[in-house]
Each structure stands twice: as C-alpha cells, then as structure tokens.
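Trainee: Could we go through this structure together? I'd like to see how the labels follow from the values.

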Amino acid sequence: MLWYIGRRLLQMIPVFLGATLIVYLLAFYTSGDPILTLAGDKPISPAVEQRLREQYNLDQPVLIQWLLYLKSVLTFDLGVGFNGRPLWDQIAAAFPTTFRLAIIAVVVETVFGVAAGMISGLRKGKLIDTTLLMLSLLLIATPTFVLGFLAQFVFGLQLGIAPINVGRDPSWQNLMLPGFVLGGVSFAYVLRLTRTSIAETAGADHVRTATAKGLSRGGVVSKHVLRNSLIPVVTFIGADLGALMGGAIVTERVFNVPGIGTLLFNSINAGEAPMIVSLVTLLVIIFLLSNLVVDLLYGVLDPRIRYAK
C-alpha cells in the first residue's frame, strides 16, 4: 500500500509541474505586461516599475520566475498580491467557506444521486425511472446561475426558509441552499452514471447466480450489485471535488458567498496575477489528492484490486 501511494505521488509531480507552469504563463503574460496592466491608465515612474518587477521576480527570465514561484509554494510563503495584502491571509479567509460549500455539494450528489440512481437502475423502464431521467436531463440542461435564481425565488422569497444572500461568516445552515444548487448538476450526472452501472451489473452472471441460490433481494443488491457498480461513480465524485471548488465561482456570485470563487472572480477582474496563480495551484493540489483517495478506495470497493508491489 505504501509503495503504491509513493508511486502515485511520484506520478503527480510532473502533472503538478506542468499545470503550474501553464497557469503561471497564462496568468502573467497572456494579457501583456502585468505591471503595466496593474498601473492601467495611470502613469508609473521607472523607479516604481523596477521595484515592482524585483518584488514579483518579473526582472528574471520566465523559467527562473516559475522556479521561484514553486519555491514560494513549497515554503508556504506566497508573498503579497498586487493589492499589498498577503496572499495566504486572503486564501485562508476564503478557503473554509468554499470547502464547506463543496462538502455540502458532494454529500448532495453522493447520497441523493446514488440513491436515485439505484432506484432508477433497479426499476429500469418503469415510471419512476423515466421520471428521474427527465429530472436529471432538466438539471443538466439548466445553467447553474438559473438554478441559483430559481432557488432564491422559491426558497428565499416565496417560502422564506433560506437566505437569499449569504454574506460574511456564513454558517452551515446559510450554505445549504447554495450547496444544493452547486451540487445539482453533479447530482444529475451521478444519478445517470449510477443507473447505467447498476442496470448493467444487475444482469450479470454472478448476480443471477446469487439470486438462484436464494439470497434475499436486499442482500443481492447491497453485496453484489451496488458495490460492484460504485467504482465509476466514485471516480466521478473524486474528480468532481476539485471541479466543484473551481466551479463554485458562479454559485458564490449568485448567493454572495465570500469564498474562493468570489476571490478568483475579483482577482481576474483586477488582473491580480499572483492571486490567480496561487488559487489555481491550490485547486490543482486538491484535484490530485482527491484522485489519490479515489484510487485507494478502489481496493475497498473491489477486492480483486490489490496494491502489491
């Protein structure tokens, strides 16, 4: 097991290096000179320009800049942004909110998505199956911001059971509605993926054999159908955790959530290249670690998978 984890971590290194290099180049150089972009229409003296270039290592070759940035990531010293505030302080203030929002969304897509997919897969072709498929298709076809506005209107304005705007220092309760909205599309994908996997597994030879031996339907479903059907679902959910945190930008803007998505949106508008690179690097790390956890769960779900050397 330890050998496998070490090998997977080594495989992540080139992915991390490549992703950070691409993000660094896109953030700092696609929109022109970052210092001149920061100044905008205001004149900037040569002395101030030189000081800013030295502060952000922009006076060095591009490869050296990137290596110095990697050093700052490894030493947890990202420095300050163009606004003069420490980057770590801004990220530390926004990350817990987005992480809680993503956890709510993952719970929604996992619990409700797998349950609905299991019901739909075991009753393939029935009315409940058709209804759930239509619901999932509707959620996939509806943009997230539209779902957000509808949720605000129904649950906030009409029913009055949830706040329309979250605001600062949100509680778990205040994050429930945006969390359900964020996990809505993923719930639909998990539902359809679980349904397809369960419908295929339910007709397998080992399932028919277990049924012929007299096992109860609940035992057959839990031990032979559901467990063998969850591998593709777990793969999707693990990869979706990083996508949810990165994709929370729309949901956070609709519900005024002070999280990573809002911080990234404001940084892009302000041309805050150091913050953009730092946030995307954080999301890359989360994505890689979540995929490592998914790989380890394969051995739990399917005993045929072993991590021997």
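Mentor: Over residues 12–30 the chain is 95% helix and 0% strand, with the end C-alpha atoms 26 Å apart. Keep in mind that this is a predicted model, where local features need pLDDT of at least 70, side-chain atom pairs count only at pLDDT 80 or more, and totals for chains, interfaces and linings use all residues. Residues are numbered from 1 along each chain as its sequence is written, and side-chain values use heavy atoms, leaving out hydrogens and water.

Trainee: How many helices and strands does the protein have?

Mentor: There are 13 helices and 0 strands.

Trainee: What does UniProt list as "transmembrane region"?

Mentor: Its unreviewed entry gives 12–30, 99–120, 132–155, 175–191, 230–255 and 275–301. UniProt positions are in the numbering used here, feature names are shortened, and annotations may be inferred rather than shown by experiment. In the model, residues 230–255 are 100% helix and 0% strand, and the end C-alpha atoms there are 33 Å apart.

Trainee: Why is Arg195 called buried?

Mentor: Buried means under 20% relative accessible area, exposed over 50%, partly exposed in between (1.4 Å probe, protein chains only). Arg195 has 13%, so it counts as buried. This residue is found in helix 9.

Trainee: Which residues does Arg195 touch, not counting those up to four places away in sequence?

Mentor: Gly117, Ser120, Gly121, Lys124, Asp129 and Leu133. Contact here means heavy atoms within 4.5 Å.

Trainee: What angle do helix 6 and helix 9 pack at?

Mentor: About 140°, with their axes 8 Å apart. That makes helix 6 oblique to helix 9, because angles under 35 degrees count as roughly parallel, over 145 as roughly antiparallel, 65 to 115 as roughly perpendicular and the rest as oblique. Axes are lines fitted to C-alpha atoms, for helices over the stretch in contact, and angles run from 0 to 180 degrees between N-to-C directions. Among the residues making the contact are Asp129 and Leu133 of helix 6 and Arg195 of helix 9.

Trainee: What makes a set of residues a nonpolar core?

Mentor: They are buried Ala, Val, Leu, Ile, Met, Phe, Trp, Tyr and Cys residues joined through side-chain atoms within 4.5 Å. The largest nonpolar core has 39 residues, and Leu175 and Phe255 are among those touching the most other members. Helix 11 gives the most to this core, with 11 residues.

Methods:
Helices (H or I, at least four residues) and strands (E, at least two) are DSSP runs, numbered from the N terminus.
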